[in-house]
Amino acid sequence: RDLHSFPTRRSSDLGNESYEPGDLSNGTAEADLEDSGGGLSTDFLINGVGITVVASLGIVGNALSAVVLSRPQMKSSVTCLLLGLAFCDTLLISISILIFGLPAIAGFSGALRPFHLVYYPLSVPFLFPVSITAQTGSVYLTLAVTVERYIAVCHPLRARSLCTHRRALVCVLTVLALATLYNLPRWFEICTRAEGSVVLDSGQNVTAYAATMCPMRESSLYK
């Protein structure tokens, strides 16, 4: 695939394809933004504008929630779990901007072309496993909140001894540790390779890179 075509896949599918270089000197922002009908591409509108705007609002919302939940008078088992959940969600949606939002906008803004050609492929091998780890942690922390609320509502007498702040903190740390261990293989799924030199609009000559599957990800045993 051309380096000027941006990923439209889910983060869980990011390692399934490589990004093949095309003619690095002839790609234009206008060509990237236009679909077959001559309008703005769905990739730019959905991944570039949509994901970036929604994710930015989510980051602001999670930050406000964290400020409220971290107050001393709010200290409880459920607030501890919710803070851990907010951390995982914020990490996930922040990385989604870097993986999907900015690369799609790069076709509209020439200033982001270095990000798409250099920084994006160099950072994806690290951002991808972190995002999947955060996603796993978010799922199981949501489950933990559900269990905590069930005990608090259906077994209120036992909740005082079972649902403590200390146990909630241990739960959060355990979930994060297990999510990290479970997704360790993700760190070996995506590699970066140099694709040659390209001249930017500013006249600067830089080395372009591409993200591709590592040998382990292509192994039939791993799949």
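Modeller: Axes are lines fitted to C-alpha atoms, for helices over the stretch in contact, and angles run from 0 to 180 degrees between N-to-C directions. This is a predicted model, where local features need pLDDT of at least 70 and side-chain atom pairs count only at pLDDT 80 or more, while totals for chains, interfaces and linings use all residues. Residues are numbered from 1 along each chain as its sequence is written, and side-chain values use heavy atoms, leaving out hydrogens and water.

Colleague: Let's start with the overview. How many helices and strands does the protein chain have?

Modeller: Helices (H or I, at least four residues) and strands (E, at least two) are DSSP runs, numbered from the N terminus. The protein chain has seven helices and two strands, and along the sequence they follow the pattern α-α-α-α-α-α-β-β-α.

Colleague: How do I check a helix's length, say for helix 2?

Modeller: The expected span is 1.5 Å times one less than the number of residues. With 28 residues, helix 2 should span 40 Å, and its end C-alpha atoms are 38 Å apart, which agrees. Helix 3, residues 77–106, has 30 residues and should span 44 Å; 43 Å separates its end C-alpha atoms, so that agrees too.

Colleague: And where is the kink in helix 3 centred?

Modeller: The bend at a residue is the angle between axes fitted to the seven residues ending there and the seven starting there. In helix 3 the kink is about 35° and is centred on Ile-97. Helix 2 has a kink as well, about 30°, centred on Gly-50.

Colleague: Now packing. Are helix 2 and helix 3 roughly parallel or antiparallel?

Modeller: Under 35 degrees counts as roughly parallel, over 145 as roughly antiparallel, 65 to 115 as roughly perpendicular, and the rest as oblique. The axes of helix 2 (residues 42–69) and helix 3 come within 8 Å and cross at roughly 155°, so helix 2 and helix 3 are roughly antiparallel. Sort the residues of that contact and you get 14 nonpolar, 11 polar and two charged. The classes go like this: Ala, Val, Leu, Ile, Met, Phe, Trp, Tyr, Cys and Pro are nonpolar, Asp, Glu, Lys and Arg are charged, and the others, Gly among them, are polar.

Colleague: Which hand does the crossing of helix 2 and helix 3 have?

Modeller: A crossing is left-handed if the near helix is turned anticlockwise from the far one by less than a right angle, and right-handed if clockwise. Helix 2 and helix 3 make a left-handed crossing.

Colleague: What about helix 3 against helix 4?

Modeller: Helix 4 covers residues 113–154; its axis and that of helix 3 come within 7 Å and cross at roughly 155°. That makes helix 3 and helix 4 roughly antiparallel. By class, their contact has 22 nonpolar, eight polar and three charged residues. Helix 3 passes helix 4 in a left-handed crossing.

Colleague: And at what angle do helix 3 and helix 6 pack?

Modeller: Helix 6 is residues 165–182, and helix 3 packs on it at about 25°, with the axes 7 Å apart. Helix 3 and helix 6 are therefore roughly parallel, and this crossing is right-handed.

Colleague: How about burial? Which residues of helix 2 are buried?

Modeller: Buried means under 20% relative accessible area, exposed over 50%, and partly exposed in between (1.4 Å probe, protein chains only). Helix 2 buries Asp-43, Phe-44, Asn-47, Gly-48, Thr-52, Ala-55, Asn-62 and Leu-69. Across the chain's 223 residues, 38% are buried.

Colleague: Then is Val-198 buried or exposed?

Modeller: Val-198 sits in strand 1 (residues 190–199), and its relative accessible area of 3% makes it buried. Val-198 lies 9.9 Å from Pro-114, C-alpha to C-alpha, across 84 residues of sequence. Pro-114 is in helix 4 and is partly exposed at 23%.

Colleague: Where is Arg-217?

Modeller: Arg-217 belongs to helix 7 (residues 215–218). At 14% relative accessibility, Arg-217 counts as buried.
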